[in-house]
Amino acid sequence: MELNRLLLLTAFLLHVRLSRMSPTRLVCDSRLIHKYIAEAKDMERRAGLCQELLPLPKPVLLPLVDFSLREWKVKTNETKRQEILCDLAMLVDAVTAAQSHAGLECAGVLLEQLYHKTSSFHLLLQTFSWQVSTGSPSCAPRTVAQSHPSTTFLAYRQLVQGKLRFLFHDLARESCAEGSPGKAPGPPSPSAGR
């Protein structure tokens, strides 16, 4: 599994280098998060149509990714980033467990896509370390045990549509120059994109 993450990091860094896009530029264009939300919705929809996506023999732990907007607003961006990193790490582990029970058809393809998306966001958020950490962050997300792989697609979509979208907005507000392409004029509404 570590080799997969290393290969994914290498591919991501090559992509960033080749496209000359810094992680900051990625959050400055609000069209990207909307693209990620649309992709997450599409994967969730396709997973619902996949008949070979069967319950797992052993439940996996998924992060509960809902949040209170009032509580979210008072957290630092570093705290938000760490919270999302923990959620993504748990999703990567859940997808990996589900992949070991999936075939090569519809379920296998969708779970592979989900693995790459969650891993990519995990690596991306690791590049946003703007504060020096004094040790490993404690990961203690709220969790729920689920037996059906389709719930991993739901958790991913909710994470992208919720916490990640709001974090990207906050980072863009702090990091992006006025007039950047696609920059959102105001905060996203909690119901936007649903």
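This is a predicted model: local features need pLDDT of at least 70, side-chain atom pairs count only at pLDDT 80 or more; totals for chains, interfaces and linings use all residues.
**Entry 1**

I started at Cys106, which is partly exposed at a relative accessible area of 31%. My cut-offs: buried is under 20% relative accessible area, exposed is over 50%, and partly exposed is in between, with a 1.4 Å probe and protein chains only. Residues are numbered from 1 along each chain as its sequence is written, and side-chain values use heavy atoms, with hydrogens and water left out.

What does Cys106 bond to? I found a disulfide to Cys50, S to S 2.3 Å. Cys50 is buried, at a relative accessible area of 7%.

**Entry 1: the other disulfide**

How many disulfides are there? I count two, taking a disulfide as a pair of cysteine sulfur atoms within 2.5 Å. Cys28 and Cys176 make up one of them, S to S 1.8 Å. I read -95 degrees about the S-S bond for Cys28 and Cys176, a left-handed link. This pair also ties together distant parts of the chain: Cys28 is in helix H2 (residues 23-28), Cys176 in the segment after helix H7 (150-175), and they are 148 residues apart. Cys28 is buried at 10% relative accessible area, and Cys176 counts as buried at 10% as well.

**Entry 2: overall layout**

I stepped back to the whole chain and got seven helices and two strands. From the N terminus the order is α-α-α-β-α-α-α-β-α. Of the 194 residues, 40% count as buried. The accessible surface is about 10,900 Å², with 58% of that belonging to carbon and sulfur atoms; areas are from the Shrake-Rupley method with a 1.4 Å probe, and for residues only the protein chains shown count as cover.

I then checked contacts, meaning heavy atoms within 4.5 Å. Among those between residues at least 6 apart in sequence, 89% join residues at least 24 apart.

**Entry 3: H3**

H3 (residues 30-49) has 20 residues and reaches 30 Å from first C-alpha to last, close to the 28 Å expected at 1.5 Å a residue. The expected span is 1.5 Å times one less than the number of residues.

Which residues of H3 are buried? I listed Ser30, Leu32, Ile33, Tyr36, Ile37, Ala40, Met43 and Ala47. Down the axis of H3 these fall within an arc of 160 degrees, so they line one face of the helix; the arc is that of the directions from the helix axis to the C-beta atoms. I reminded myself that an α-helix has 3.6 residues a turn, so residues three or four places apart point the same way. On the face of H3 turned away from the buried side I see the exposed residues Arg31 and Leu49.

I picked out Tyr36 from H3, buried at 15% relative accessibility. Leaving aside neighbours within four places in sequence, Tyr36 contacts Phe121, Val160 and Phe168. Tyr36 and Arg165 are 129 residues apart along the chain, yet their C-alpha atoms are separated by 9.3 Å.

Val160 lies in H7 and is buried, at a relative accessible area of 1%. Beyond four places in sequence, Val160 touches Ile33, Tyr36, Ile37, Phe121 and Arg165. I also took Val160 against Ile84: 76 residues apart in sequence, 9.5 Å C-alpha to C-alpha.

Next I looked at nonpolar cores, each a set of buried Ala, Val, Leu, Ile, Met, Phe, Trp, Tyr and Cys residues joined through side-chain atoms within 4.5 Å. The largest has 43 residues, and Phe121, Leu125 and Phe168 touch the most other members. H2, H3, S1, H5, H6 and H7 each supply at least two residues of this core. Its largest share, ten residues, comes from H7.

For Leu125 I noted contacts to Arg81, Ile84, Leu85, Leu88, Leu164, Leu167 and Phe168, again skipping residues up to four places away.

**Entry 4: a lysine in H5**

Is Lys80 buried or exposed? I get 3% relative accessibility, so Lys80 counts as buried. Lys80 sits in helix H5 (residues 77-99). Not counting residues up to four places away, Lys80 touches Trp72, Lys75, Leu167 and Asp170.

Definitions and conventions: Helices (H or I, at least four residues) and strands (E, at least two) are DSSP runs, numbered from the N terminus.
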